[in-house]
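Good morning, and thank you for joining this meeting.

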Amino acid sequence: MNIFLVIFGCLGLIFRIWVNEIKLKKQLKYERHFTSRFLAEYFFIAMIFSFQNDALNLVVACTYPMMVICIFVFDIPFFIKLKQNKSVLPGGGEFSPEKVDLWVILERLTLHIPIVVVGSIWYPQGLKSAIFPNLGIGSMIFALIMVYGIFIFVDPRIGKKRDWPDGLWLMIGGILWTIGFILHFYVLDFA
């Protein structure tokens, strides 16, 4: 295990939980239970394991394409609105421009970007050969339960139909990506 990754992962996980559930609880409202925020926590847990746990790594790898999209759909508009002193956050949470502080910015910077950075390193290396040479079906099933369990049972976009139909489109996109991932690892041989 890499001690630097373990320490940074612990600090990142503690920060993500604290900023979502305590510091910005009122500002984020129901957004604090969006799947992306749990995925960011899974990312830091994977880091604590020095990226040696296949199930956690798979969560990072599988959610990478969606996180790239989220950067363009949510993060860039957030920072543009922040720069223009607009008060609306994507998804419904509101911050007055005077109340946007370092914590809001750090929360957003640690949300999608870490997964995109690591995924951008992993994908060119070839996931099947370099990152997951011995990926088992058990790790695949556990990773799917981790992601879809949160999405179905905790994320308000599905259970409470908040911001509908965004949750439906995210679910459809995630299912299609998962099918592609399973085909890549267990059916198709690109070697």
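Let me begin with a term: a pocket here is an open set of grid points with protein on both sides within 12 Å along at least five of seven lines. Please keep in mind that the model before you is predicted.

The largest pocket has a volume of about 520 Å³. Which elements give two or more residues to its lining? They are helix 3, spanning 35–48, helix 4, spanning 54–83, helix 8, spanning 137–153, and helix 10, spanning 166–187. Of the elements, helix 4 contributes the most to this lining, with 10 residues. In total, 35 residues line the largest pocket, and those nearest its centre are Thr35, Leu39, Met66, Met67 and Leu170. Sorted by class, the lining comprises 21 nonpolar, eight polar and six charged residues.

I turn now to the helix pair. Two packed helices are described by the angle between their axes and the distance between the axes. Helix 1, residues 3–23, packs with helix 5, residues 102–109, at an angle of about 130 degrees, and their axes are 10 Å apart. Angles from 65 to 115 degrees count as roughly perpendicular and those over 145 as roughly antiparallel; helix 1 and helix 5 are therefore oblique to each other. The crossing of helix 1 past helix 5 is left-handed.

Which residues make the contact? Helix 1 supplies Phe15, Arg16, Trp18, Val19, Asn20 and Lys23, while helix 5 supplies Trp103, Leu106 and Glu107. By class, this contact of helix 1 with helix 5 has five nonpolar, one polar and three charged residues.

Key. Residues are numbered from 1 along each chain as its sequence is written. This is a predicted model: local features need pLDDT of at least 70, side-chain atom pairs count only at pLDDT 80 or more; totals for chains, interfaces and linings use all residues. Side-chain values use heavy atoms; hydrogens and water are left out. On a 1 Å grid over the protein atoms alone, a cavity is a set of points where a 1.4 Å probe fits but cannot get out, and a pocket is an open set with protein on both sides within 12 Å along at least five of seven lines; lining residues have an atom within 4 Å of a point. Grid points are joined across faces, edges and corners, and a volume is the space filled by probe spheres set on the points. Helices (H or I, at least four residues) and strands (E, at least two) are DSSP runs, numbered from the N terminus. Ala, Val, Leu, Ile, Met, Phe, Trp, Tyr, Cys and Pro count as nonpolar, Asp, Glu, Lys and Arg as charged, and the others, Gly among them, as polar. Axes are lines fitted to C-alpha atoms, for helices over the stretch in contact, and angles run from 0 to 180 degrees between N-to-C directions. Angles under 35 degrees count as roughly parallel, over 145 as roughly antiparallel, 65 to 115 as roughly perpendicular and the rest as oblique. A crossing is left-handed if the near helix is turned anticlockwise from the far one by less than a right angle, and right-handed if clockwise. Contact means heavy atoms within 4.5 Å.
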